[in-house]
Amino acid sequence: MENKQSQQDEYSGLEKSIGYVFQDKAYLAQALRHSSFANEQGLASNERLEFLGDALIESCLSQWLYFLYPNYKEGKLTQIRAMLVSRQGLLRLANRFAIEKYVVCNASFIHKGSPTERILANTIEAVFAAIYLDSKRNNTILQSLMEKHFSISLDEILKEDAIFDPKTKLQEIIKQANHTTLIEYLVEKEEEQNYTKQYVIGLYLNKEKKAEACGSSKKKAEQLAASIYLKQI
């Protein structure tokens, strides 16, 4: 009983970060156990859970992105998913969960006081597989948790990476934050400069002007206005 209580206390911080309390802590313990330690102790490692988690993450994110972006073609959806499930993408979750405090591995796999990035990313896969098994293969629970955590990662990626052009990037950020916000690009004025027409475009959110830019076409000016505003938020 004392050992069981100790295990509950040990993982409570991680479970709170994830938003899921394990009924059987053994699943979580295995998910956090790297093969370098497991082999020494004669215990089951997290490798099989990594295998399952990799497939589960890809399946859940594919469904989520398919319905989140109904107008995107396969190539764009694949690009977004690839960024979310890449090592750097999984490390976003590992850092958010502070997973390095819970991973058990041989000292030779510790780099600068923390398990290597590869171990941390793989552990995230194992943890989602552990949730799936502990919840009696409840796809609804797993899908909900993944959408919750990967949507935060998607917001971060939208702000940091050039998945989209500035206008589309701004549209997606606002869509994630508030579906009712009205985005408008209005022509403020047209002028001639060196025999070339220039367009001054104002970017408005819910009728409030947020940025202004000038370009040789309306499209270029709109993209520049969006880019200017993105740097402000």
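**Helix packing, burial and a hairpin in a predicted model**

In this predicted model, helix α6 (residues 87-97) packs against helix α7 (residues 117-134) at an angle of about 75°, and their axes lie 8 Å apart.

Q: Why is α6 called roughly perpendicular to α7?
A: The angle between them is about 75°. Roughly perpendicular covers 65 to 115 degrees. The pair therefore counts as roughly perpendicular.

Q: Which residues make the contact between α6 and α7?
A: From α6 come R87, Q88, L90, L91, L93, A94 and F97. From α7 come E117, R118, L120, A121, I124, E125 and F128.

Q: What makes α7 largely enclosed by the rest of the structure?
A: Buried means under 20% relative accessible area. In α7, 14 of the 18 residues are buried, so the helix is largely enclosed.

Q: How do you know that the length of α7 agrees with its number of residues?
A: At 1.5 Å a residue, its 18 residues should span 26 Å. The end C-alpha atoms of α7 are 26 Å apart, so the two values agree. Just after α7, K136 takes a positive phi of about 65°.

Q: Why is C105 called buried?
A: Its relative accessibility is 15%. The cut-off for buried is under 20%. C105 therefore counts as buried.

Q: Why does C214 count as partly exposed?
A: Partly exposed lies between the buried limit of 20% and the exposed limit of 50%. C214 has 32% relative accessibility, so it counts as partly exposed.

Q: How many disulfides does a search of the whole structure find?
A: The search finds 0 disulfides. A pair of cysteine sulfur atoms within 2.5 Å would be needed.

Q: Is S45 buried or exposed, and where is its place?
A: S45 has a relative accessible area of 14%, so it is buried. Its place is in the loop between α3 (35-41) and α4 (47-68). Beyond four places away in sequence, S45 touches Q30, R33, H34, S35 and A38.

Q: What makes β4 (residues 196-205) and β5 (residues 208-215) a pair?
A: Pairing needs at least two bridges. Here 7 bridges join the strands, which run antiparallel. L205 has E208 of β5 as its bridge partner. The strands form a hairpin with 2 residues between them, and N206 in the turn has a positive phi of about 50°.

Note on methods
Residues are numbered from 1 along each chain as its sequence is written. This is a predicted model: local features need pLDDT of at least 70, side-chain atom pairs count only at pLDDT 80 or more; totals for chains, interfaces and linings use all residues. Side-chain values use heavy atoms; hydrogens and water are left out. Helices (H or I, at least four residues) and strands (E, at least two) are DSSP runs, numbered from the N terminus. Buried means under 20% relative accessible area, exposed over 50%, partly exposed in between (1.4 Å probe, protein chains only). Axes are lines fitted to C-alpha atoms, for helices over the stretch in contact, and angles run from 0 to 180 degrees between N-to-C directions. Angles under 35 degrees count as roughly parallel, over 145 as roughly antiparallel, 65 to 115 as roughly perpendicular and the rest as oblique. Contact means heavy atoms within 4.5 Å. The expected span of a helix is 1.5 Å times one less than its number of residues.
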